[in-house]
Amino acid sequence: MSTPAVPEETGHVGSDVRDSVDSYIAFQLAELEGCLPLVGAADQDAVHGARLALRRLRSVLSCYKSVLPDVPGATGRDVRWLARSLGEARDAYVLSQRLALWLDASEAWLSPEALHKAVNQLLASSNAMATRIGTGSRWQGIVKATRQALLPATAHLAAGETDNHPSFLEVVELLQPRWETVQKSLETTQRTLEPDSRHADEAERNEVLHGARKDIKVLRYSVEAVAPVLGAGATAIIQPSMTLQRLLGEQHDSVAGQVWIKSLSEMPGVEPLDVEDLQNMEQRRLAETEASLRAALLASPVPEPRRMLLG
């Protein structure tokens with residue numbers, strides 16, 4: 001596969017890079033402002049949209065920290081709180097929908113009413129979390145503070161700061177260590193997924209895969225933020241990252257699902273055999289996902305930024 005030529009280092013390239021990052025940040029903040037009022041109405045599509053915007057925002061802030069204005073510590077903590085809260089609401093919703101489909105697909109359950117009640121309670125908890133987030137005023141302050149800290153970059157020049165317009169080469173060098181982190185995570189993931197893996201501790205094993213998922217998200221969204229400047233090479237990095245991120249996400253969802261299903265045994269009226277059947281269904285789903293992940297790790301490697309972008 002041919003690689004794109006390095007753009008000439010003119011005065012415009014650095015401005016284009018910075019404009020691309022600033023536009024990306026501005027778009028994520030606008031998405032948050034558009035989604036969060038709907039989150040207050042327990043609109044689950046809005047929860048997903050807001051969560052995704054925060055994932056992208058946090059990835060860019062992590063990768064390009066050295067070339068972006070500083071975000072106050074309190075604002076950073078607030079952003080993490082919002083991301084965690086939206087994540088909990090969304091995860092509960094996704095699990096409730098998958099389990100509801102499983103329950104509706106069979107008439108062989110011994111305690112269908114108790115199972116449906118438990119799933120409905122899970123959905124209600126997700127909606128309640130979303131409502132608390134969206135109807136509160138905290139999120140508005142978070143978006144405002146983040147915007148003031150980061151946009152526009154020229155607003156910081158009055159305070160004597162230097163306007164930092166990273167070059168194409170500098171961006172590649174910022175992406176390179178992110179890719180190296182991903183490579184280490186994926187190598188560990190591949191070893192972990194081998195049948196004779198030494199990761200006997202299930203919690204440790206799942207933490208390895210969850211860490212790889214987080215690492216690959218940072219790389220993907222960081223490349224995405226400057227894709228208009230990087231050209232076709234960006235797509236070559238983003239596409240395999242998307243595949244691996246999706247499969248790692250499904251693996252994580254399945255692990256979380258098994259934990260919740262296990263808790264059903266403590267709920268009144270739920271038959272142990274129903275819990276066992278649900279566990280078996282989730283374990284089969286996990287095995288299929290991990291098999292697809294093993295195949296994707298071999299078939300869809302994430303190319304190195306230096307090689308792909310610089311040739």
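Trainee: In which hand does helix 6 pass helix 10?

Mentor: A crossing is left-handed if the near helix is turned anticlockwise from the far one by less than a right angle, and right-handed if clockwise. Here helix 6 passes helix 10 in a left-handed crossing. Bear in mind that this is a predicted model, in which local features need pLDDT of at least 70 and side-chain atom pairs count only at pLDDT 80 or more, while totals for chains, interfaces and linings use all residues. Residues are numbered from 1 along each chain as its sequence is written, and side-chain values use heavy atoms, with hydrogens and water left out.

Trainee: At what angle do helix 6 and helix 10 pack?

Mentor: Axes are lines fitted to C-alpha atoms, for helices over the stretch in contact, and angles run from 0 to 180 degrees between N-to-C directions. Helix 6 (residues 168–193) packs against helix 10 (residues 272–299) at about 135°, and their axes are 10 Å apart. Angles under 35 degrees count as roughly parallel, over 145 as roughly antiparallel, 65 to 115 as roughly perpendicular and the rest as oblique. Helix 6 and helix 10 are therefore oblique to each other.

Trainee: Which residues of helix 6 and helix 10 meet?

Mentor: Contact means heavy atoms within 4.5 Å. From helix 6, Leu186, Thr189, Gln190 and Leu193 meet Glu290, Leu293, Arg294, Leu297 and Leu298 of helix 10. The residues of this contact divide into five nonpolar, two polar and two charged. In that scheme Ala, Val, Leu, Ile, Met, Phe, Trp, Tyr, Cys and Pro count as nonpolar, Asp, Glu, Lys and Arg as charged, and the others, Gly among them, as polar.

Trainee: At what angle do helix 3 and helix 9 pack?

Mentor: Helix 3 (residues 73–104) and helix 9 (residues 232–263) pack at about 70°, with axes 11 Å apart. That makes helix 3 roughly perpendicular to helix 9. In this pair, Val94, Leu95, Arg98, Leu99 and Trp102 of helix 3 meet Asp253, Ser254, Gly257, Trp260 and Ile261 of helix 9. This contact divides into six nonpolar, two polar and two charged residues.

Trainee: How many helices and strands does the chain have?

Mentor: Helices (H or I, at least four residues) and strands (E, at least two) are DSSP runs, numbered from the N terminus. The chain has eleven helices and zero strands. Its C-alpha trace spans about 70 × 50 × 30 Å along the principal axes.

Trainee: How many residues of helix 7 are buried?

Mentor: Buried means under 20% relative accessible area, exposed over 50%, partly exposed in between (1.4 Å probe, protein chains only). Helix 7 is mostly covered, with 18 of its 24 residues buried. For the chain, buried residues make up 47% of the 311 residues.

Trainee: Does Thr146 count as buried or exposed?

Mentor: Thr146 counts as buried because its relative accessibility is 2%. Thr146 lies in helix 5 and touches Leu29, Leu57, Thr75 and Val79, not counting residues up to four places away in sequence.

Trainee: What is the phi of Ala42?

Mentor: Most residues other than glycine have a negative phi. Ala42 has a positive phi of about 60° although it is not a glycine. Ala42 is found in the loop between helix 1 (11–39) and helix 2 (44–63), and at 22% relative accessibility Ala42 counts as partly exposed.
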